[in-house]
Amino acid sequence: MSATEKTAIRSNWTVEEVREIWELPLMELVQRASEVHRAFHDPTEVQVCELLSIKTGGCPEDCGYCSQSVHNDSELQVQPLMQLDDVLRAARRAKANGASRFCMGAAWREVKDNAQFDRVLDMVRGVHDVGLEVCATLGMLTPEQAKQLEEAGLYAYNHNLDTSADYYGEVITTRTYQDRLDTIAAVRETSITVCCGGIIGMGESDDDRMSLLHTLATLDPHPESVPVNVLSKVEGTPLADQADVPVWDTVRMIAVARVLMPTSVVRLSAGRHLMSFSDQALCFLAGANSIFSSDRNILLTEPSPNHSSDKAMLRALGLRPKALAARPA
Ligand code: SAM
Ligand code: DTB
Ligand code: SF4
């Protein structure tokens with residue numbers, strides 16, 4: 001790889017170029033991704049994020065992977081929107097545990113202009129005041145709602161494309177790929193950073209994975225954060241019986257994302273609870289530089305490694321949690 005290739009940030013990748021990178025022998029690919037990673041990031045740092053489900057279950061969307069959909073038969077207990085104080089208490093705990101980003105998730109199809117959204121805006125202001133990067137994932141947004149979140153101090157908005165445009169309809173029928181792209185565009189009109197990625201292990205083909213990466217890497221600019229989720233198989237959902245994802249597939253997905261989107265933070269997200277420290281070490285070598293960690297062993301509703309095991313892992317690997325650079329504006 002030439003020095004120019006190492007430093008070029010491009011949004012004009014062709015599908016053929018993505019395939020060429022994808023098809024590299026795995027260790028060659030990891031080596032290349034690692035070089036890109038080192039050219040753009042401090043390879044000893046990992047961003048630690050904490051997730052909190054602020055409104056759980058009862059979601060009208062039919063996402064085939066999700067425990068929170070009313071269309072799925074999971075055992076989940078529905079919980080209404082949390083109170084502000086409880087959220088702020090969780091944010092302070094997250095900060096004490098070394099997290100630099102706090103992400104609030106709501107099982108909503110879209111944000112509605114009502115008292116609940118006003119409460120979420122208060123949560124954004126409050127978590128910002130705790131001194132953390134505030135992220136939210138609340139479903140679809142209008143441009144006006146994105147503006148309100150920006151004014152409240154939101155740092156990032158998570159809205160995943162999940163899979164390829166072609167495979168999308170196999171997983172979700174209650175909204176379109178274009179709906180997702182429209183919300184991402186609404187966020188882009190503000191200063192809020194975009195967190196957008198997907199899930200592997202839903203029965204999609206390699207072509208679908210490449211297509212998702214191509215879509216993400218041809219957004220201009222690239223999403224600042226790219227979560228790579230491995231399906232957490234939830235009993236009672238249509239995807240409960242999917243095959244396990246070999247770690248090599250996760251490593252390949254991360255490495256190609258790293259090569260295509262050099263400046264983005266690539267987050268090793270759902271599914272990490274089933275990975276050994278050495279599996280995760282390979283993912284960090286391949287360019288992952290962010291994780292979700294939890295003090296309750298839970299992501300939103302599914303299992304997560306906790307802060308103490310993650311601290312032990314980072315220590316063993318000679319990695320350290322990324323500090324907040326400066327208080328976000
Ligand atoms: N309702 C909002 C939405 O869908 O955008 C926000 C919450 S939703 C749970 C956030 C993301 O989590 C989804 O887009 C999906 O990519 C991921 N996710 C949900 N359930 C998952 C599972 N069982 N395994 C892996 N990722 C999952
Ligand atoms: C993302 O890409 N992964 C996180 C976060 N963004 C919101 C969510 C993972 C959810 C895993 C399933 C659960 O805990 O319910
Ligand atoms: Fe609802 Fe989000 Fe779950 Fe889909 S992923 S069912 S939109 S909570």
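A polar contact is a pair of N or O atoms within 3.5 Å; within protein, one must be able to donate a hydrogen and the other to accept it, and residues adjacent in sequence count only if both atoms are side-chain atoms. The model is predicted, so local features need pLDDT of at least 70 and side-chain atom pairs pLDDT 80 or more, while totals for chains, interfaces and linings use all residues. Residues are numbered from 1 along each chain, chains are lettered from A and ligands numbered from 1 in the order written, and side-chain values use heavy atoms, without hydrogens and water.

**Exercise 1.** Identify polar atoms of the protein that lie by ligand 1, and state how much of ligand 1 is buried.

*Solution.*
1. A backbone N or O atom of Ala106 is 3.2 Å from a nitrogen atom of ligand 1.
2. Arg180 places a polar side-chain atom 3.0 Å from an oxygen atom of ligand 1.
3. A polar backbone atom of Ser232 lies 3.0 Å from a nitrogen atom of ligand 1.
4. Alone, ligand 1 exposes 550 Å², of which the protein buries 91% (Shrake-Rupley method, 1.4 Å probe).

**Exercise 2.** Locate Ser67 and determine whether Ser67 is buried or exposed.

*Solution.*
1. Ser67 belongs to the loop between strand S1 (45-55) and helix H4 (84-96).
2. Its relative accessibility is 7%, so Ser67 counts as buried (under 20% relative accessible area; exposed is over 50%, partly exposed in between; 1.4 Å probe, protein chains only).
3. The Ser67 side chain makes a polar contact of 2.6 Å with the side chain of Thr301.

**Exercise 3.** State how far helix H10 is enclosed.

*Solution.*
1. Twelve of the 14 residues of H10 are buried, so H10 is largely enclosed by the rest of the structure.
2. Among them are Arg252 and Arg258.

How values were computed: Helices (H or I, at least four residues) and strands (E, at least two) are DSSP runs, numbered from the N terminus.
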